[in-house]
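Work through the exercises below with the sequence and the coordinates at hand. Each task is followed by a solution in steps.

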Amino acid sequence: YRKKEKRHRGGDMWPLLQALSLAPPSALSRLPAATPRYLRAPGVRLSLDASALSAVGEVEDAAPAPDLRLVAPAKVNLFLRVVGKRPDGFHELASLFQTVSLFDDLDFWTSPREEGAPLASLEVTPDSLGAELIPTDESNLVVRALSLYAERVPSSPAIHCRLHKRIPAQGGLGGGSSDAATALHAANRLAGLPVSQETLIEWAGELGSDCGFFLSAGTAYCTGRGELVDPRRPLPPTACYLIKPAAGLSTPSVFKALGLEPGEAGPAGADPADLLSRFEAGDVYNPDLYVNDLEPPAFELMPELRQMCDDLRKFGFQAVMMSGSGTTCFAIGMPLEEVQETWVDELQAKYDVEVFEEMFCRRIADEPSLWYTEQPPGAVLTNIEEPERGLFPL
């Protein structure tokens with residue numbers, strides 16, 4: 001779902017798009033007119049609405065296809081405990097992060113290093129979500145990630161990236177961090193995988209608190225500021241609806257409203273280790289495990305968030321919670337049968353929100369060369385209705 005238009009099950013039909021990435025140039029997406037000529041590729045502009053997935057547009061001038069095409073997933077915090085406020089002013093956190101199947105697209109081209117030429121560059125597709133607000137200089141995490149890798153691996157090539165944004169900004173979904181982690185993985189892969197996953201996670205921590213998480217298999221227990229990543233066994237595929245209000249909250253304002261002083265312990269509540277063990281035991285539908293210490297201050301700043309979560313619970317979802325510092329909330333499981341066709345319209349009639357029907361997603365844990373939605377040779381479909389969320393090797 002998006003605004004008032006239904007977002008069909010199966011999302012953007014990623015397996016078909018991945019197949020197109022291996023197809024002849026006539027099947028490639030059209031680059032924006034401002035793209036340098038050496039990057040322009042023949043092809044068609046694709047409608048990414050799964051109800052249509054139709055080809056529109058005209059064939060462009062000939063040029064190379066991307067060397068690598070990857071997706072960057074969003075994330076939610078299944079629980080978030082604030083352990084306390086450190087003397088340095090940062091908050092000590094304990095949180096279970098989980099990737100979900102709302103993706104940005106990133107295409108990468110390599111070229112030999114040339115004196116005076118940039119080692120990293122970025123363009124944003126004009127139809128990206130909030131395209132006019134996305135910088136393409138060193139302030140963008142993708143450029144910073146590619147530049148960091150280029151500086152530390154002198155044998156790596158120069159890389160140009162094209163970004164198409166679908167993950168809403170300022171919603172606690174980690175889109176920018178995910179893009180940066182995807183760029184690090186891409187740079188490493190295009191250089192022949194000379195850097196270990198553990199080192200990449202360390203480098204990602206220099207870019208942002210939750211960047212390193214996305215280099216896990218999709219489920220991780222994160223502590224410190226979020227930069228200490230303990231990869232865990234991926235949780236089973238689970239329905240997860242994302243509800244993103246148009247209004248946002250700044251992360252500093254939420255932590256300020258929490259009101260902790262340096263050295264002060266966080267709110268009393270469940271032991272994070274206990275919450276983690278129960279999630280890992282498969283208790284993903286237990287509402288008592290979904291704890292977020294940032295909900296009370298966020299609800300204080302934006303009372304309609306509390307009301308919206310209460311309404312979602314009335315629709316019958318097994319668990320409902322705000323993700324991170326908000327304002328995105330998520331609902332686990334399925335609504336009551338009698339409201340399955342009406343609950344989105346009812347919610348959007350009352351609140352200015354976007355609704356995304358997603359699932360928990362994952363990487364193949366023992367295949368560091370593969371990224372989200374990518375599968376090794378011999379993989380089979382285990383979920384025909386939603387293939388992009390049900391690809392697992394036998």
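Predicted model: local features only at pLDDT ≥ 70, side-chain atom pairs only at ≥ 80, totals over all residues.

**Exercise 1.** Carry out the analysis of Exercise 1 for Leu193, and state where Leu193 lies.

Solution. 
- Step 1. Leu193 belongs to the loop between H3 and H4.
- Step 2. Leu193, not a glycine, has a positive phi of about 60 degrees.
- Step 3. With a relative accessible area of 38%, Leu193 is partly exposed. The value falls between the limits of 20% for buried and 50% for exposed.

**Exercise 2.** Describe how helices H3 and H4 pack: what is the crossing angle, and which residues make the contact?

Solution. 
- Step 1. Helix H3 covers residues 175-190 and helix H4 residues 197-207; their axes come within 10 Å and cross at roughly 140 degrees.
- Step 2. This angle makes H3 oblique to H4, because the class of roughly antiparallel requires an angle over 145 degrees.
- Step 3. The crossing of H3 past H4 is right-handed.
- Step 4. From H3, the contact uses Ala180, Leu184 and Asn188; from H4, Leu200, Trp203, Ala204 and Leu207.
- Step 5. Sorted by class, these are six nonpolar residues, one polar residue and no charged residues.

**Exercise 3.** Find the cis peptide bond at Thr327 and say which residue is its partner.

Solution. 
- Step 1. The cis bond joins Gly326 and Thr327, with omega about 5 degrees. Most peptide bonds are trans.
- Step 2. Thr327 is in the loop between strand S10 (319-322) and strand S11 (329-332).

**Exercise 4.** How many disulfides does the structure hold, and how far is the sulfur of Cys361 from the closest cysteine sulfur?

Solution. 
- Step 1. A disulfide is a covalent bond between the sulfur atoms of two cysteines.
- Step 2. For Cys361, the closest cysteine sulfur is that of Cys240, at 10.0 Å, which is too far for a bond. The cut-off is 2.5 Å.
- Step 3. The count for the structure is zero disulfides.
- Step 4. As to burial, Cys361 has a relative accessible area of 11% and is buried. Cys161 is also buried, at 0%.

**Exercise 5.** Which residues does Ala298 touch, leaving aside those up to four places away in sequence?

Solution. 
- Step 1. Ala298 is part of helix H7 (residues 295-301).
- Step 2. Its relative accessible area is 0%, so Ala298 is buried.
- Step 3. With residues up to four places away excluded, Ala298 touches Leu249, Val254, Leu305 and Met322.
- Step 4. Ala298 and Val254 are 44 residues apart in sequence, yet their C-alpha atoms are 5.6 Å apart.

Definitions and conventions:
Residues numbered from 1 in each chain as written. Heavy atoms only, no water. Axes fitted to C-alpha atoms, helices over the stretch in contact; angles between N-to-C directions. Helix = DSSP H or I, 4+ residues; strand = E, 2+ residues; numbered from the N terminus. Parallel < 35°, antiparallel > 145°, perpendicular 65-115°, else oblique. Left-handed = near helix turned anticlockwise from the far one by under 90°. Contact = heavy atoms within 4.5 Å. Nonpolar A, V, L, I, M, F, W, Y, C, P; charged D, E, K, R; others polar. Buried < 20%, exposed > 50% of the residue type's maximum accessible area, 1.4 Å probe, protein only.
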